[in-house]
Amino acid sequence: MSTKIELGLEELRDYLERCPNVPFSKRLISVDKEEIFEFLDQLLKVIPSEITEYRKLLEQRANILEEAQKRAQSIVESASAQTNELINEHSIMQHAHSEAEQIISMAVKKGKDTLDEAVIEANQMRQASVNYTDNLMAYMENLTSECIKSITSQYENNLKAWQHYHEKIKADRLQLKPADPAAERQEG
């Protein structure tokens, strides 16, 4: 299932693929600056919501961890209560004490194992979300850098072309004017 960020990036890529080439260039394309900024604005709106979703997942993991700790505590308390009942019965005191220790040991181990698993899973999800977000931001950084390079190159090429046209018009105007105004009056 694609995320909103991935869909937005695919739309941006599709747009860039549809952009026409700059005249006399196979590598440079002509883009509408406003459309590029629209794509970037949409992505910047989506990224915080995606991060919020990952934060919610981390909170859910924290809640699971907290629930596991509560369950472990409940098991320990239950085991302690059972132990106290057995201790009160003199005839089975030794057996009860041994069984209570086993129950407590198992409960503590089970609680610790559950806690350790929840911590590991929460850390893995956190790292995965950080890596995912970093990868997306690196992609966006590269994409915007390429857009800036492309736009700058197009601007420089257009400026050179207009400077060439300006110089040509200036030279053509000079050819239209006579070299010596006094010579023209004598001919006329």
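Mentor: Helices (H or I, at least four residues) and strands (E, at least two) are DSSP runs, numbered from the N terminus. You're looking at a predicted model, where local features need pLDDT of at least 70, side-chain atom pairs count only at pLDDT 80 or more, and totals for chains, interfaces and linings use all residues. Residues are numbered from 1 along each chain as its sequence is written, while side-chain values use heavy atoms, with hydrogens and water left out.

Trainee: Let's start with rings. How many aromatic pairs are there?

Mentor: Rings of Phe, Tyr and Trp (its six-membered ring) pair if their centres lie within 6.5 Å; planes under 30 degrees apart count as stacked, over 60 as edge-to-face and the rest as tilted. Go by that rule and the aromatic pairs number two.

Trainee: What kind of pair do Tyr-15 and Phe-39 make?

Mentor: Their ring centres sit 5.4 Å apart. The planes are at 40°, so the pair is tilted.

Trainee: And how far apart in sequence are the parts this pair ties together?

Mentor: Tyr-15 belongs to helix H1 (residues 4–18). Phe-39 is in helix H2 (residues 33–88), so the pair links parts separated in sequence by 24 residues.

Trainee: Are Tyr-15 and Phe-39 buried or exposed?

Mentor: Buried means under 20% relative accessible area, exposed over 50%, and partly exposed in between (1.4 Å probe, protein chains only). On that scale, Tyr-15 and Phe-39 are both buried.

Trainee: What about Trp-162 and Tyr-165: what kind of pair is that?

Mentor: The two ring centres are 5.8 Å apart. With planes at 80°, the pair is edge-to-face.

Trainee: Which helix do Trp-162 and Tyr-165 lie in?

Mentor: Trp-162 counts as exposed because its relative accessibility is 61%, and Tyr-165 is partly exposed at 45%. They're three residues apart, about one turn of the helix. Both lie in H3 (residues 93–176).

Trainee: Which residues does Leu-16 touch?

Mentor: Contact means heavy atoms within 4.5 Å. Leaving out residues up to four places away in sequence, Leu-16 touches Ile-29, Val-31, Ile-36 and Leu-143.

Trainee: How much space lies in the largest cavity?

Mentor: On a 1 Å grid over the protein atoms alone, a cavity is a set of points where a 1.4 Å probe fits but cannot get out, and a pocket is an open set with protein on both sides within 12 Å along at least five of seven lines; lining residues have an atom within 4 Å of a point. Grid points are joined across faces, edges and corners, and a volume is the space filled by probe spheres set on the points. The structure has one cavity of 30 Å³ or more. The space in the largest is about 30 Å³.

Trainee: Which helix gives the most to the lining of that largest cavity?

Mentor: Ile-5, Ile-47, Glu-50, Ile-51, Tyr-54, Tyr-132, Thr-133 and Leu-136 line it. At least two residues each come from H2 and H3. The biggest giver, with four residues, is H2.

Trainee: Where does the largest share of the largest pocket's lining come from?

Mentor: This pocket holds about 300 Å³ of space. Of its 13 lining residues, Arg-27, Ile-29, Glu-146, Cys-147 and Ser-150 are closest to its centre. Eight residues of the lining, the largest share, come from H3.

Trainee: How many charged residues line the second largest pocket?

Mentor: About 180 Å³ of space lies there, and Phe-24 and Trp-162 are among the lining residues. Ala, Val, Leu, Ile, Met, Phe, Trp, Tyr, Cys and Pro count as nonpolar, Asp, Glu, Lys and Arg as charged, and the others, Gly among them, as polar. The lining has six nonpolar and two polar residues, and the charged count is none.

Trainee: What is phi of Phe-24 near?

Mentor: Phe-24 sits in the loop between H1 and H2, and is exposed at 88% relative accessible area. Most residues other than glycine have a negative phi. Phe-24 has a positive one, near 65°.
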